[in-house]
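Me: I am new to reading protein models. Could you walk me through one, feature by feature?

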Amino acid sequence: MTTAQHKIGSGFGATSTAAEVLAGIDLTGKLAIVTGGYSGIGLETTRALTRAGAHVVVPARRRATAEEALRGFENVEIDELDLGNLDSVRAFAGRFLASGRGIDIFIGSAGIMASPETRVGPGWEAQFATNHLGHFALVNRLWPAFTPGARVVSVSSRGHHYGPVRFDDLEFRQGYDKWLAYGQAKTANVLFAVQLDKLAREHGVRAFALHPGRILTELVRHLDRQELVDAGMVDEAGQVTGGAKTPEQGAATQVWAATSPQLDGLGGVYLEDCEIAEPAPADGGRTGVKDYAIDPVLAERLWTVSAELTGVDAF
Ligand SMILES: NC(=O)c1ccc[n+]([C@@H]2O[C@H](COP(=O)([O-])OP(=O)(O)OC[C@H]3O[C@@H](n4cnc5c(N)ncnc54)[C@H](OP(=O)(O)O)[C@@H]3O)[C@@H](O)[C@H]2O)c1
């Protein structure tokens, strides 16, 4: 398979910060929606985008928490959204569309990881539902508001290496594994960007997926200390281990994806460390993008299944 997954020499890297990739970029007059934009790397994304002049809408599952986290931010608007609840997705999208405004940047940074088996909506597995289906329904419902030149950024993870989308058991009815479920959801985030880019390109809208790096945030809320050690997040003393990024560095790749002129004319690719990622090496290792995450046939199949499940398809 030929692939666009090759470095372009961005000049940025793993230690670049969101502010650094935005240097010289003026986002005055631009509107961004950032799910999860009040915690972890989403919070730093909101900070960087607003400082560059953008107006940022942050739809929050916990409004009071968002108000506290974003206190003092200028150009931020908080609304309510639970990605695990399609009624909530429809309601937020309806409120936004009724405002008559256009969307220049959409960043799906909200997510959960390795949660205990949880069912939402009509019995959907919560990681797939929250991380993928909720964002799928939201972007499709918001589609009429996207402006030509807009970008959609799907925050995936190196966790997509844990496994592909399991089309024969999407909901883990045959035994739940919290890491395989995270892997499936994060693979779905990449496939979503691949198919969205194919469909949206002719309208001037491009989509990207990415791994932000390893950053110690609230994302690990479902892991105990030993699991954090085993995952290489902290050492036995509870200290963040080497190689971890700060939240400002962790936000950089999604901000770069959303704004960089270096990506003009590109889309449907997976990024890491403010670069287009290379294909994952066949002999293992945890870098790059897996074939099954960028396969256009699987991307189209996931789109069809997601549209059937959510009842939404803007195309
Ligand atoms: N941190 C890392 O090392 C790392 C590595 C690879 C990929 N990622 C990806 O990066 C993204 C952001 O992670 P993070 O580290 O910034 O995590 P975080 O600090 O836990 O932030 C996640 C955000 O998602 C929101 N969220 C969770 N469930 C939601 C729902 N049902 N509806 C609406 N919002 C919901 C959370 O809101 P509440 O707090 O109100 O629940 C929170 O604002 C995730 O997609 C994650 O998979 C992170």
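This is a predicted model: local features need pLDDT of at least 70, side-chain atom pairs count only at pLDDT 80 or more; totals for chains, interfaces and linings use all residues.

Me: In what order do the eight strands of the open sheet come?

Reply: First, the terms: strands (E, at least two residues) and helices (H or I, at least four) are DSSP runs, numbered from the N terminus. Two strands pair if DSSP finds at least two bridges between them. Here the order is β3-β2-β1-β4-β7-β8-β9-β10, with mixed pairing. At the edges are β3 (76-80) and β10 (275-276), each of which pairs on one side only.

Me: How many bridges join β7 to β8, and how many join β4 and β7?

Reply: Five bridges join β7 to β8, and these strands run parallel; Val152 stands opposite Ala207 in β8. β4 and β7 also pair in the parallel sense, over five bridges, and there Ile103 has Phe146 in β7 as its bridge partner. Further along, strand β8 (residues 206-211) is joined to strand β9 (residues 269-272) by four bridges, again in parallel. In that pair, Leu210 is opposite Leu271 in β9.

Me: Which strands does helix α6 touch?

Reply: A contact means that two C-beta atoms, placed from the backbone, lie within 7 Å. Helix α6 (residues 178-200) packs on the sheet and touches β7 (146-155), β8 and β9. The direction of α6 makes about 165° with that of β8; such angles run from 0 to 180 degrees between N-to-C directions, with axes fitted to C-alpha atoms, for helices over the stretch in contact.

Me: How many residues of α6 are buried?

Reply: A residue is buried if 20 or more other C-beta atoms lie within 10 Å of its own, exposed if 12 or fewer, and partly exposed in between, with C-beta atoms placed from the backbone. In α6, 19 of the 23 residues are buried. Strand β7 is largely enclosed by the rest of the structure, because seven of its ten residues are buried.

Me: Which residues come nearest to the ligand?

Reply: A residue is near a molecule if its C-beta atom, placed from the backbone, lies within 6 Å of it. Of the 29 residues around the ligand, the nearest are Gly36, Gly40, Ala110, Gly111 and Ser157. Helix α2 (residues 40-51) gives the largest share of the shell, three residues.

Me: Where does Ala114 lie, and what is its phi?

Reply: Most residues other than glycine have a negative phi. Ala114, in the loop between β4 (103-108) and β5 (119-120), has a positive phi of about 55° although it is not a glycine. Ala114 counts as partly exposed because it has 19 C-beta neighbours inside 10 Å.

Me: Is Cys274 buried or exposed?

Reply: Cys274 is buried, with 27 other C-beta atoms within 10 Å. Cys274 sits in the loop between β9 and β10, and has a positive phi of about 55°.

Conventions:
Residues are numbered from 1 along each chain as its sequence is written.
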